[in-house]
Amino acid sequence: MHDLKFLTENIEIVREKLKYRLKNPEYLDIIVELYQKKRELQKEGDDLRNKKKNISKEIGIKKSKKEDASDLMKEAELIQSRLDEIEKSEKEVEEKLYSTALLIPNIPMDDVPDGSDESYNVEIKRWGEPRKFDFKPLTHYEIGEKLNILDFERGAKIAGSGFTLYNGKAALLERALINFMLDLHRENGYEEKWLPFLINGESLLGTGHLPKFEEDLYRINGENLYLNPTAEAPLTNIYRGEILKESDLPIWITAFAPSFRKEAGSYGKDTKGIIRQHQFSKVELVKLCKPEDSEKEHQSMLAEAEKVLQLLELPYRVVVLARGDMGFSAGKCYDIEVWLPGHGGYKEISSVSNCLDFQARRANI
């Protein structure tokens, strides 16, 4: 959600910054039109309320003098009738303005690379040297099947394609990695949370997963509940609708949660193995801070995410995403990509985003 006053007063700047992010640029024109209509209705309503107030005083004076006030009373009734119409129109305009504004992605920060897709992403750092082999390395899914620790066939039998059964050491490794990350982040000053694995629509709206990504979510039939798409959503919504004390900031929180996504529209992309799954484990970091500390905290979070891979001795690189490749809620985003020997390249393992005030406004924090 945006500051609509800022958006409408800087519409051409916003239009330029969102040219790669907003598939329906006419939404901006609709917002400008509705915002102006809302202001016109508010002004007319305020003027009529003041006029009605003055007329009410005149009626009172006339009645105290036992004079005829019927014309003034009729005028007051007409004003009230118009006020009722204005209030109805205002409500309709505000609802349409709000629902349209929810579809506008975050505005990229000034230092985000200009570009429409991942080819414009900028590599800013590499850590570690990819190990060289005197043979062609197997992919992770080939290794998993040979060792009988990843069972794709039985996972699909249980739940369908995109779900994997972990056996023995793979199950142990998954649990160990979760504990390793949580313990590391807790030692770095994050407060650990244990979250509900279901989340309501209001919370998903607050983080920007709704309404845009509804087709990617698993919804509980007949209820306003969804399977959690990422621990970011419940962590951020801990404070939805609350006023935080400045003295309590910054707030650093972390949690593990299984994440569920339909991966709609991803047919043919990394569908082999466990890179793109309908269910996956995630340890999330969330920070809430003062605006002036935002960039500092973003860089700190990036370093904390990198530390995980450094301790695991996994070579990686960091790229800053171009405007057209960022997630809906991000104002700036770094991807950390790990070297996969069997793949012969780097693959995204973590995203570290600065959402500015976008989610705070949507979640009314």
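The structure described here is a predicted model. Tryptophan 194, by contrast, has a relative accessible area of 62% and is exposed.

A pair of aromatic rings is described by the distance of the centres and the angle of the planes. A search of the whole structure finds 9 aromatic pairs. In one of them, the rings of tyrosine 190 and tryptophan 252 have centres 5.0 Å apart and planes at 40 degrees, so this pair is tilted. Tyrosine 190 lies in the loop between helix H7 (168–187) and strand E4 (191–194), whereas tryptophan 252 belongs to strand E7 (residues 251–260); the pair thus links distant parts of the chain, 62 residues apart. Both tyrosine 190 and tryptophan 252 are buried. Tryptophan 194 and phenylalanine 197 also form a tilted pair, with 5.7 Å from centre to centre and 55 degrees between the planes. Together with Phe256, Trp194 and Phe197 form one aromatic cluster.

Of the 10 residues of E7, 10 are buried, so the strand is largely enclosed by the rest of the structure. Ile251, Ile253, Ala255, Ala257 and Ser259 point one way from E7, while Trp252, Thr254, Phe256, Pro258 and Phe260 point the other way. Over the face of tryptophan 252 lies lysine 287, at 3.8 Å from the ring centre.

E7 pairs with two strands named here. With E4 the pairing is parallel, over 4 bridges, and glutamate 192 has threonine 254 in E7 as its bridge partner. With strand E8 (residues 279–288) the pairing is antiparallel, over 10 bridges; the bridge partner of alanine 257 in E8 is lysine 282.

## Helix H3

Helix H3 (residues 26–64) has 39 residues, which at 1.5 Å a residue should span 57 Å; the end C-alpha atoms are 57 Å apart, in agreement with this expectation. Lysine 66, which follows H3, has a positive phi near 60 degrees.

The buried residues of H3 include Leu28, Ile31, Leu34, Tyr35 and Leu41. Gly45, Leu48, Ile55 and Ile59 in H3 are buried as well. The buried residues of this helix pack against helix H1 (4–9), helix H2 (11–17) and helix H4 (70–101).

How values were computed. Residues are numbered from 1 along each chain as its sequence is written. This is a predicted model: local features need pLDDT of at least 70, side-chain atom pairs count only at pLDDT 80 or more; totals for chains, interfaces and linings use all residues. Side-chain values use heavy atoms; hydrogens and water are left out. Rings of Phe, Tyr and Trp (its six-membered ring) pair if their centres lie within 6.5 Å; planes under 30 degrees apart count as stacked, over 60 as edge-to-face and the rest as tilted. Buried means under 20% relative accessible area, exposed over 50%, partly exposed in between (1.4 Å probe, protein chains only). A charge sits over a ring if NZ of Lys or CZ of Arg is within 6 Å of the ring centre and within 35 degrees of the ring normal. Two strands pair if DSSP finds at least two bridges between them. The expected span of a helix is 1.5 Å times one less than its number of residues. Contact means heavy atoms within 4.5 Å.
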